[in-house]
Amino acid sequence: MYRHFIRLLRHIDNTLVYKFAYQWTRISGILHSLPLVKTAPPRKPVTLMGMEFPNPLGLAAGFDRDAGLLKWIAPAGFGFVEVGTVNFSREKEQSADNARIIANIEEARKQNGHPLIGISLGSLNETPDARMLGDYREAMAVFWRYADYLVINLSRPGGFARSPDPPDDDLRKLLLSIAQYREELAARQGTQVPVLIKLALDKPCNEQPLAIQLIKEAGLDGVIVAFERWRSREKVINTIRNLDHWTGSLPLVVVGGIRTPEDAEEYFEAGAGLVQLYTALVEQGPFVGKKIVTSLPSRKHA
Ligand SMILES: Cc1cc2nc3c(=O)[nH]c(=O)nc-3n(C[C@H](O)[C@H](O)[C@H](O)COP(=O)(O)O)c2cc1C
């Protein structure tokens with residue numbers, strides 16, 4: 001029924017699909033929190049990057065852009081969520097937007113059993129230069145105290161890191177400087193916050209992507225790899241296996257193409273430490289998270 005309705009909405013206006021899925025997730029979260037129907041979200045704890053995730057399924061970036069849904073993410077079954085992407089430009093006034101996101105996060109943290117909260121940061125400046133670096137650094141400083149982990153989003157379509165021939169030196173400089181700023185913030189604020197990099201792969205690779213090598217060299221805390229619009233499941237799984245080998249002890253989060261518990265399980269078996277989804281929540285509705293997590297075997301450490 002839900003899927004038919006989504007298909008119909010897609011015909012009318014694609015943007016309505018997301019709006020509907022967002023509101024439906026919120027409403028069902030409210031219903032799930034009522035005393036009479038309240039059920040505990042499934043717990044399948046996983047320890048990674050020194051944090052205990054209530055379960056290894058996350059809601060990917062782009063769905064809860066301003067953290068307005070945070071209260072309803074755990075009831076929907078997710079163990080963690082990536083708020084944003086918050087796209088920064090120091091040339092634009094955005095303190096009101098940031099304040100709203102921070103207020104939403106603080107409100108959600110008052111609740112028992114909230115998910116772990118990642119915040120995805122982007123730059124509106126397209127070219128890797130001092131302005132882009134400045135955007136990322138300012139964004140890190142603004143959200144440092146409110147995040148369980150931060151993500152530098154380099155997966156944006158059309159972004160420099162996604163070009164077939166990314167400028168190596170620029171990427172190296174950017175990653176090193178982000179790692180260095182992470183140390184400065186940790187010292188200044190007295191708290192450690194893991195910083196991950198989100199990349200998107202557009203095709204299979206037989207050799208270690210330079211970006212992975214540079215993330216390791218920079219000493220960053222993890223990588224999120226997005227597989228978007230891949231037709232061959234087999235190629236995705238083989239690539240995750242290779243990534244698992246290349247990343248070694250660097251935590252690997254995988255997103256893209258998860259629709260069923262079997263999909264998630266295959267990704268874990270291939271080497272993902274955590275997984276995320278987006279489209280399945282839109283297409284199948286807010287029960288998909290619980291359905292997937294309930295079917296997963298428990299794994300204490302990823
Ligand atoms: C409408 C839409 C908006 C998105 N916005 C973001 C975003 O702001 N930041 C980001 O890192 N990824 C964004 N993504 C990508 C998702 O986080 C995810 O990587 C991608 O959809 C693949 O997962 P899926 O197959 O489960 O949908 C977006 C995806 C969609 C469909």
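Guide: Ile6 counts as buried, because its relative accessibility is 4%, under the 20% cut-off. Please note that this is a predicted model.

Visitor: Where is the place of Ile6?
Guide: Ile6 belongs to helix α1, which comprises residues 2-12.

Visitor: And which residues does Ile6 touch, leaving aside those up to four places away in sequence?
Guide: Ile6 touches Val17, Phe20, Val282 and Glu283. Glu283 is 277 residues from Ile6 along the chain, yet the C-alpha atoms of the two are separated by 6.5 Å.

Visitor: Let us change topic to strand β7. Why is β7 said to be largely enclosed?
Guide: Strand β7 covers residues 195-201, and seven of its seven residues are buried, so the rest of the structure largely encloses the strand.

Visitor: Which residues point which way from β7?
Guide: Val195, Ile197, Leu199 and Leu201 point one way, while Leu196, Lys198 and Ala200 point the other way. Lys198 is buried, as are the others in both groups.

Visitor: What does β7 pair with?
Guide: Strand β6, residues 149-153, pairs with β7 in the parallel sense over four bridges. Strand β8, residues 222-227, also pairs with β7 in the parallel sense, over six bridges.

Visitor: Which residue in β7 is the bridge partner of Val151?
Guide: That partner is Leu196.

Visitor: And in β8, what is the bridge partner of Leu196?
Guide: In β8, Leu196 has Gly222 as its bridge partner.

Visitor: Through which helix does the chain cross from β7 to β8?
Guide: The chain passes through helix α6, residues 210-218, and this β-α-β crossover is right-handed.

Visitor: Now the ligand. Which residues come nearest?
Guide: There are 17 residues around the ligand, and Ala61, Thr85, Gly257, Tyr278 and Thr279 come nearest.

Visitor: How far is the backbone of Gly257 from an oxygen atom of the ligand?
Guide: A backbone N or O atom of Gly257 lies 2.8 Å from a ligand oxygen atom. For Tyr278, a backbone N or O atom lies 2.9 Å from an oxygen atom of the ligand.

Visitor: What about the side chain of Arg65?
Guide: A polar side-chain atom of Arg65 is 3.3 Å from an oxygen atom of the ligand.

Visitor: Finally, how much of the ligand's accessible area does the protein cover?
Guide: On its own the ligand has 600 Å² of accessible area, and the protein covers 75% of that.

Terms used
Residues are numbered from 1 along each chain as its sequence is written. This is a predicted model: local features need pLDDT of at least 70, side-chain atom pairs count only at pLDDT 80 or more; totals for chains, interfaces and linings use all residues. Side-chain values use heavy atoms; hydrogens and water are left out. Buried means under 20% relative accessible area, exposed over 50%, partly exposed in between (1.4 Å probe, protein chains only). Helices (H or I, at least four residues) and strands (E, at least two) are DSSP runs, numbered from the N terminus. Two strands pair if DSSP finds at least two bridges between them. A crossover is right-handed if, with the strands pointing away from the viewer, the path from the first strand over the helix to the second runs clockwise. Contact means heavy atoms within 4.5 Å. A residue is near a molecule or strand if one of its heavy atoms lies within 4 Å of it. A polar contact is a pair of N or O atoms within 3.5 Å; within protein, one must be able to donate a hydrogen and the other to accept it, and residues adjacent in sequence count only if both atoms are side-chain atoms. Accessible areas come from the Shrake-Rupley method with a 1.4 Å probe; for residues, only the protein chains shown count as cover.
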